[in-house]
Amino acid sequence: MSAEMPVPDTTPPDQTAPIPPAPAPAATAGVSRAAVLVVVIALLVGALAGGALANATGLRVLPAAIGRAVAPAARVVAPAARTGDADAAIIDTVRRANDAQVQAFSSGDPSAMRATATVQHYDEMVRINDDLRNSGVTSIQLVSVRFGAVTVNGSTAQVATTETWRSTLADGTTDESTDRNDYTLVLQNGTWLVDNDVQPDSASSGTGGTTPPGSRPIPQGQGIGARDTSSNWSGYAATGGTFTSVSGTWIVPQPSGTTSGVDATWVGIGGMTSTDLIQAGTQTMVSGRGGAQYEAWIELLPRSSQPVPLSVSPGDTVTVSITQQGDGRWLIAMRNDTTGRTYSTTVTYASSTSSAEWIQEAPSAGRRVIPLDDFGTLQFTKGSAVKDGKSASIRDAGGRAITMIDRTGRALARPSALGPDGASFTVTRA
């Protein structure tokens, strides 16, 4: 779905070693886990694309023309009785940061964002704007922003906003979304700078503060069925135990090139009932002008997704596994079964081990879910996990189907019933 993140304790890619076999029930403390950004496209809050498309998320620039972003000044509503000099400076920094992002997107020159962001956040915002262009966004506009209370603690400050963003796609359609943004700012050399921007009510905290393309499911509906629908996930998820491994195999889909959007296919651990999520998978970004980009990625929320050096193409069969190694270390192994190429890395991550997932996602990009491309039908096979120390198929692990729906409740992507082996299914774009 989704913005590169620093991955601690990462081993160099292994382009020759075969993908490690799934551990036996009593072997290691678990198996591997595998995201859009990542997706990765943060301004897809009002700017579509987090990942990875959230969360995407470290995506490359597509061979598509970059449109100009023309945005009139947004309506700004400041909180009443705001008199402190620090509060005013913090609000002004956030306002100028948003204006700078629009300017940077319009001109194609990211330098306008340097004056209001830390080095880390600046790099993230550069990726976000790139990801927006990659997914077919031609302009972004901040329609309105309302500021909440400002909290200052020494050289750190927080402020919440409610922002409405509008984006225009290459096919002429527009998308508008209103979301809460929780900003963290730091005081450096007497100047307040934005250090992070999280959308707590969105799917992720990767790109743009998200997401992000790695992202948590956005629930829909009420009551018993609420877990079975989502605004951004479709596939299967298992809960009710300790999951120390997950693996799955899928065929990289080839979406229609006439509709802008993104899809991310992944396996992961955590995220259903917790805020942590470690995931890995493949992602496709379609520009709407006939161009598409394919890549493999990993993501450890709340850090942004990171592309990895494993080439994938439509029609390739890919196998991904995530396995706990003990002491908070996880082995992520990816193999392009079609080409024989592999990638593996060991990362340190504090996981709740509370769930396992096999997902087709519309990645989120910090501020909103990126439009889902027309990927057709995705085929998942060999889905398995290690639950409570025992190897299990999706069915034996207690996997439940999740249907992706839009705001009106209409299905966007629907999983089939599990196959006779309990480990295979398809997801079909509605």
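**A walk through the predicted model**

Strand β13 and strand β14 (residues 329–336) run antiparallel and are joined by 8 bridges, where two strands count as paired if DSSP finds at least two bridges between them. This is a predicted model, in which local features need pLDDT of at least 70 and side-chain atom pairs count only at pLDDT 80 or more, while totals for chains, interfaces and linings use all residues. Residues are numbered from 1 along each chain as its sequence is written, and side-chain values use heavy atoms, with hydrogens and water left out.

Within this pairing, serine 321 has alanine 333 in β14 as its bridge partner. The hairpin of β13 and β14 has 2 residues between the strands, and aspartate 327 there takes a positive phi near 55°. Strand β13 is mostly covered, with 8 of its 10 residues buried; buried means under 20% relative accessible area, exposed over 50%, and partly exposed in between, with a 1.4 Å probe and protein chains only.

The protein chain as a whole has 2 helices and 21 strands, which are DSSP runs numbered from the N terminus (helices H or I of at least four residues, strands E of at least two). Of its 430 residues, 59% count as buried.

Helix α1 (residues 85–107) has 23 residues and reaches 32 Å from its first C-alpha to its last, close to the 33 Å expected at 1.5 Å a residue, the expected span being 1.5 Å times one less than the number of residues. Glycine 108, whose phi is positive and near 80°, follows α1.

The largest cavity has a volume of about 100 Å³. Of the 12 residues that line this cavity, the closest to its centre are Ala97, Asn98, Gln101, His121 and Met125. Here a cavity is a set of points, on a 1 Å grid over the protein atoms alone, where a 1.4 Å probe fits but cannot get out, and lining residues have an atom within 4 Å of a point. At least two lining residues each come from α1, α2 (119–134) and β5 (191–198), and α1 gives the most, with 3 residues.

Two loop residues deserve a separate look. Most residues other than glycine have a negative phi. Asparagine 189, in the loop between β4 (174–188) and β5, has a positive phi of about 55° although it is not a glycine, and at 83% relative accessibility asparagine 189 counts as exposed. Threonine 353, found in the loop between β15 (342–348) and β16 (355–361), has a positive phi of about 50°, but threonine 353 counts as buried because its relative accessibility is 10%.

Finally, alanine 413 lies in strand β20 (residues 411–415) and is buried, with a relative accessible area of 0%. Alanine 413 and alanine 362 are 51 residues apart in sequence and 9.6 Å apart in space, C-alpha to C-alpha.

Definitions and conventions. 1 Å grid on protein atoms, 1.4 Å probe; cavity = no way out; pocket = protein on both sides within 12 Å on 5 of 7 lines; lining within 4 Å. Points joined across faces, edges and corners; volume = space filled by probe spheres on them.
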